[in-house]
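Colleague: Hi! Could you walk me through this model while I look at it?

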Amino acid sequence: MKQFGYSINPDRQIDYDLTDKSLLSFIVSFEPSLLSCISCGTCTATCTAGHFTDFNIRRVHTLLRRGEITTLKKEIQKCMLCGKCQLACPAGVNLRNLIRSIHVAVEKFNV
Ligand code: SF4
Ligand code: SF4
């Protein structure tokens with residue numbers, strides 16, 4: 001087979017109507033500002049942890065919406081709760097509280 005110097009990622013397509021949204025609903029009840037997110041990526045661009053690791057705060061939103069809890073649990077360990085992303089967010093999403101809420105939810109649901 002001809003080598004083109006790149007590989008094709010496996011398909012990650014899911015049906016959002018079938019994902020488990022219980023954790024997302026629980027977290028939105030703690031931090032409703034999450035619903036104001038416009039996915040602009042400013043939080044990711046300013047993230048302190050993102051400068052030193054592969055952490056991507058916007059990916060946290062995606063994992064939450066996709067119900068990918070195992071990866072989400074690993075991801076949130078990288079956040080230092082410095083709050084810089086929150087200062088930069090144009091939609092006023094309280095990201096630090098979002099991360100803290102995920103920690104609480106993960107313990108509560110024991111997932
Ligand atoms: S900066 Fe705010 S609005 Fe933009 S992606 Fe991050 S949380 Fe969403
Ligand atoms: S609070 Fe977490 S996600 Fe936000 S800038 Fe700091 S390390 Fe990044």
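Modeller: Happy to! In α7, the residues L95, L98, I99, I102 and A105 are buried. These residues cover an arc of only 120° around the axis, which puts them on the same side of α7. Do keep in mind that this is a predicted model.

Colleague: Why would residues three or four places apart point the same way?

Modeller: An α-helix has 3.6 residues a turn, so residues with that spacing point the same way.

Colleague: Okay, and which residues are exposed on the other side of α7?

Modeller: Those are E107 and K108.

Colleague: What do the buried residues of α7 pack against?

Modeller: Quite a list: α1 (22-30), α2 (42-46), α4 (57-66), α5 (69-76) and α6.

Colleague: How far apart are the end C-alpha atoms of α7?

Modeller: They are 21 Å apart. The helix has 15 residues, and at 1.5 Å a residue it should span 21 Å, so the two values agree.

Colleague: Good tip! What happens just after α7?

Modeller: There you'll find N110, which takes a positive phi of about 50°.

Colleague: Let's talk about the largest nonpolar core. Which residues touch the most other members?

Modeller: I27, L95, L98 and I102 do, in a core of 20 residues. The elements giving two or more residues to this core are α1, α4, α5 and α7.

Colleague: And which element gives the most to this core?

Modeller: That's α7, with five residues. As a general pattern, nonpolar side chains tend to be buried together in soluble globular proteins.

Colleague: Can we zoom in on one residue? What does L98 touch?

Modeller: Leaving out residues up to four places away in sequence, L98 touches I27, E31, L34 and V93.

Colleague: New topic, the ligands! How many residues surround ligand 1?

Modeller: There are 13, and the closest are C37, C40, T42, C43 and C89. By class, that shell has nine nonpolar, three polar and one charged residues.

Colleague: And which residues come nearest to ligand 2?

Modeller: Of the 14 around ligand 2, the nearest are C47, A49, C79, C82 and C85. Nine residues of the ligand 2 shell are nonpolar, three polar and two charged.

Colleague: Which helices each supply at least two residues of the shell around ligand 2?

Modeller: α3 (48-52), α6 (84-88) and α7 (95-109) do. The most comes from α3, with three residues.

Colleague: Thanks, that helps a lot!

Terms used: Residues are numbered from 1 along each chain as its sequence is written. Chains are lettered from A and ligands numbered from 1 in the order in which they are written. This is a predicted model: local features need pLDDT of at least 70, side-chain atom pairs count only at pLDDT 80 or more; totals for chains, interfaces and linings use all residues. A residue is near a molecule or strand if its C-beta atom, placed from the backbone, lies within 6 Å of it. Ala, Val, Leu, Ile, Met, Phe, Trp, Tyr, Cys and Pro count as nonpolar, Asp, Glu, Lys and Arg as charged, and the others, Gly among them, as polar. Helices (H or I, at least four residues) and strands (E, at least two) are DSSP runs, numbered from the N terminus. The expected span of a helix is 1.5 Å times one less than its number of residues. A residue is buried if 20 or more other C-beta atoms lie within 10 Å of its own, exposed if 12 or fewer, and partly exposed in between; C-beta atoms are placed from the backbone. The arc is that of the directions from the helix axis to the C-beta atoms. Two residues are in contact if their C-beta atoms, placed from the backbone, lie within 7 Å. A nonpolar core is a set of buried Ala, Val, Leu, Ile, Met, Phe, Trp, Tyr and Cys residues joined through C-beta atoms within 7 Å.
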